[in-house]
Amino acid sequence: MHHTPTTTPAGKTRILLADDHALVRRGVRLILDGEPDLQVVAEAGDGAEAIEMARSERPDLAVLDIAMPRLTGLQAARELSRTMPELRILMLTMYDNEQYFFEALKAGASGFVLKSVADRDLVEACRSAMRDEPFLYPGAVTALIRNYLDRVREGGDVPARAITEREEEILKLVAEGHSSKEIADMLVISVKTVERHRANLLQKLGLRDRLELTRYAIRAGLIEP
């Protein structure tokens with residue numbers, strides 16, 4: 001395998017590792033430091049500390065746990081991608097959660113690694129990040145995420161405000177599992193009108209069924225996963 005060298009004198013990617021569990025940090029550090037092209041140069045136990053360390057150490061890559069005290073990894077990622085745009089960011093997580101995934105991408109992270117399989121995925125994810133390629137843990141590559149990445153690549157909105165407020169209202173209620181009849185009653189409109197909005201929604205968003213509508217609603221932050 002051929003690696004593109006980074007700008008450090010030793011040719012190593014300098015990494016900041018942030019996780020509130022010392023044991024996890026030790027495990028992750030062993031994985032990373034075992035590679036000839038990677039080196040952990042700083043560790044942090046929470047998001048606020050991660051920001052401080054990134055500023056003082058100027059690493060090439062930050063590996064941040066999503067759930068940390070004081071400031072989460074997501075909050076730290078937002079701040080770091082705003083103030084240090086050249087820093088690459090990877091998120092570590094315990095949870096295979098679509099919502100986190102989108103939040104991480106929105107926060108400026110270039111990849112997402114599940115802790116349970118970090119020994120398998122993390123090194124590859126670090127190298128992808130340094131090549132400016134998005135890394136998705138294998139289970140994440142759903143059509144949903146491909147669609148999102150394509151949108152981002154084309155400089156599109158995330159997610160685009162393709163729908164009217166009334167359609168958004170109906171989308172949320174459909175995604176929450178309400179029938180057309182219930183939605184009609186709630187919004188005091190006819191069932192026929194609800195059905196028309198629903199058909200428009202599917203067509204506009206290029207979705208097929210309620211499951212896809214629900215996924216879209218989660219992605220758009222209309223409902224909780």
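**Note on the predicted model**

1. The protein chain contains 10 helices and six strands, where helices (H or I, at least four residues) and strands (E, at least two) are DSSP runs numbered from the N terminus. This is a predicted model, in which local features need pLDDT of at least 70, side-chain atom pairs count only at pLDDT 80 or more, and totals for chains, interfaces and linings use all residues. Residues are numbered from 1 along each chain as its sequence is written, and side-chain values use heavy atoms, with hydrogens and water left out.

2. Of the 225 residues in the protein chain, 46% are buried (under 20% relative accessible area, 1.4 Å probe, protein chains only).

3. Helix α8 spans residues 180-187, and its buried residues are S180, I183, A184 and L187. Viewed down the axis of α8, these fall within an arc of 100°, so they line one face of the helix; the arc is taken over the directions from the helix axis to the C-beta atoms. They pack against α7 (165-175) and α9 (191-205), contact meaning heavy atoms within 4.5 Å. Just after α8, V188 adopts a positive phi of about 50°.

4. Helix α1 (residues 22-33) and helix α5 (residues 118-130) have axes that come within 10 Å and cross at roughly 55°. Axes are lines fitted to C-alpha atoms, for helices over the stretch in contact, with angles from 0 to 180 degrees between N-to-C directions.

5. On the α1 side, V28, I31 and L32 meet A118, D119, L122, V123 and C126 of α5. The residues of this contact divide into seven nonpolar, no polar and one charged (Ala, Val, Leu, Ile, Met, Phe, Trp, Tyr, Cys and Pro count as nonpolar, Asp, Glu, Lys and Arg as charged, and the others, Gly among them, as polar).

Note on methods. Buried means under 20% relative accessible area, exposed over 50%, partly exposed in between (1.4 Å probe, protein chains only).
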